[in-house]
Amino acid sequence: MASEIESKIMSLREAAKLVPNGAHISLGGFTTQRHPMAFVHELIRQKKRKLHFYGHSPGGGLDMPIGAGCIRRVELAYEADEAFSRIGPRFRRAVENGSIEWEDYSNFGMVQRFAAGAMGIPFIPMKTMLGSDIVKKEGFSKKTRSDPKIAPKKLAVINCPFTGDKIVLLPAIRTDVTIIHAQVVDAQGTVRIYGQNFGDEQQAKCAKKLIVTCEDIVEPEELREYPEHNLIPFFMMNAIVKVPYGAHPYACYRCYGYDPEFLRIYHNKAKNDGTWGFLNDYILGVSDWEEYLTKIGDDRKLGYAPRLKLR
Amino acid sequence: MVKKYAEDYKLLELMAVAAAREIRDGEIVFTGTGLPMLGAMLAQHTNALNCIIVFEAGAIDCKLAHLPMSVGDPRTMRFASTATGLFDVFSTVLQRGFLDVGFLGGAQIDAYGNINATCIGNYHHPKVRFPGSGGSGDIACLSKRTIIIAVHEKRRFPERVDYITSPGWIDGPQGRKRAGLPWGGPSAIITTLGVLRFDERKKRAYLASYHPGVTPKQAQENTGFRLDVSRAKETEPPTEAEIKILREKVDPEGIFLKKAEE
């Protein structure tokens, strides 16, 4: 038992090696919250290529690796940092110059697809997206869809066999690797997330391999005292990495807020700078996450949570 | 009590007040960041004290003290009733049919209230790409009614949008039914020039009111489709009390209200 436990706790560098080039991946979090950014930096530093990315609203967790050339295809619903940017600048550029392939769904559509994968069923019915061009237009080419890892169809609209009403069927997602950032994981791998879990539960449970970065690792007894507060059982876990402030510049509920000043730096650089200095300054130009944290300084790490110290 | 209208207010404040007035007491409301959030928070102090604000990212009926910058913001957790995630909120609140009002925005809005938040030009080779649906396509389908907020410019109001991300009335009174949508549809578009509503028979947008200082002609000139202005009146201005609450309680940090002045 002990050796197995030890084998799950590893460094970021080791954990990122579990993601091969061409892997189908997904990252936890939502727009400006709880993305596993330390892991994203490491993926970029390890120069991963041709990743197939599934997300609902992945924010900078997707925009940065697109800019770094790691991403080949995306299936998603929304790419922006909400009030901090109208669109992920590197995503926009990649779509407009055709350097990635994309497929659009809605947020509900994407979490339903993760949920179907997590439940082990091949598809899931849903009542939204009807009447939209999301239903009518496919982004991926026939050639892309001939890849056995990709659903042969974007979706199907059928008449419900019970009511006769129109209903949308969405194909399940099984990721090769899902990476989420949690507040607490125990040494065995049980995950506790404080606050909204966004789509993390479904994204984590549809994964063939699950990697969790976290603010803290505690003894199993501590999390098992209140099992009803835990989200993911340990046996689904493949790798645990302790990375304090691992979601910066995004918020991690009850730990730190998002960092508006830094998000502004990111968006200005990613939008205007052709050679994209941000990548060199903050990711490729530092050797690891600790050096990044040192570089951004202590004030940055706590982000922006005026009068909301407990949140 | 006689209403005392404010003399000094900004356009954004007027729009937030118009948004708040669309919400009825006790309703369940989905809001996005920015103006809709200002409107919903204001409504909780004015005409809809018991409206329930739900965020797609997971927080249900929070008691907002500070304006969130994201629908998943830690600020949305303050004294919330429950906090789960997208899967739960979309399936058991939205799809189940609990949602009364959803606020939407987008890059283009057409005569039938369809919204484009995806791209301009050919979908496969877009001239301009936008962030995509997020939850707005879902909310547009299954909210009992939707309120759209938009900058009123000709290019943003074409006869038909380039891509329907979030369906409005689609192509007329039967559009939603044909598509398989059981209920819902847009009820108003609050713009920088006025408030548009939808004709009962044709489900096309018409000018219901123009903001103080704006003429119906200006509204038509800035709309890419033929806009019926025959029913238009002046938008009821904000009251002093509404402006005071907006500035002192809803956004005292000036996150959105000050930014808009710049």
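The confidence of the predictor in each residue is expressed as pLDDT, on a scale from 0 to 100. The structure is a predicted model, in which local features require pLDDT of at least 70 and side-chain atom pairs count only at pLDDT 80 or more, whereas totals for chains, interfaces and linings use all residues. Residues are numbered from 1 along each chain as its sequence is written, with chains lettered from A and ligands numbered from 1 in the order in which they are written. For chain A the mean pLDDT is 93, and 93% of its residues reach 70 or more. Over residues 305–311 of chain A, pLDDT stays under 50, and the model has 14 contacts for this stretch beyond four places in sequence; a contact requires C-beta atoms, placed from the backbone, within 7 Å.

Between the chains, 49 residues of chain A are in contact with 46 residues of chain B. At least two residues of the chain A side are supplied by each of α5 (89–96), α6 (107–119), α7 (133–136) and α9 (200–205) of chain A, and α6(A) gives the most, with 4 residues. Helices (H or I, at least four residues) and strands (E, at least two) are DSSP runs numbered from the N terminus.

The largest nonpolar core comprises 180 residues, of which A:Val212, B:Ala16, B:Ala19, B:Val29 and B:Leu42 touch the most other members. Such a core is a set of buried Ala, Val, Leu, Ile, Met, Phe, Trp, Tyr and Cys residues joined through C-beta atoms within 7 Å, where buried denotes 20 or more other C-beta atoms within 10 Å of the residue's own, these atoms being placed from the backbone. Helix α1 (residues 11–21) of chain B contributes the largest share, 8 residues. Beyond four places in sequence, B:Ala19 touches residues including B:Leu35, B:Phe103 and B:Ile190.

In chain A, an open sheet of 3 strands has the order β5-β7-β6 with antiparallel pairing, pairing being assigned where DSSP finds at least two bridges between two strands. The edge strands are β5 (123–126) and β6 (156–159) of chain A. Strand β6(A) is joined to β7 (residues 166–171) of chain A by 4 bridges, and A:Ala156 has A:Leu169 in β7(A) as its bridge partner.

In chain B, strands β12 (residues 194–198) and β13 (residues 205–210) pair in the antiparallel sense over 5 bridges, with B:Tyr206 in β13(B) as the bridge partner of B:Arg197. These two strands form a hairpin with 6 residues between them, and B:Lys203 in the turn has a positive phi of about 60°.

Methods:
Contact = placed C-beta atoms within 7 Å. Buried ≥ 20, exposed ≤ 12 C-beta atoms within 10 Å, placed from the backbone.
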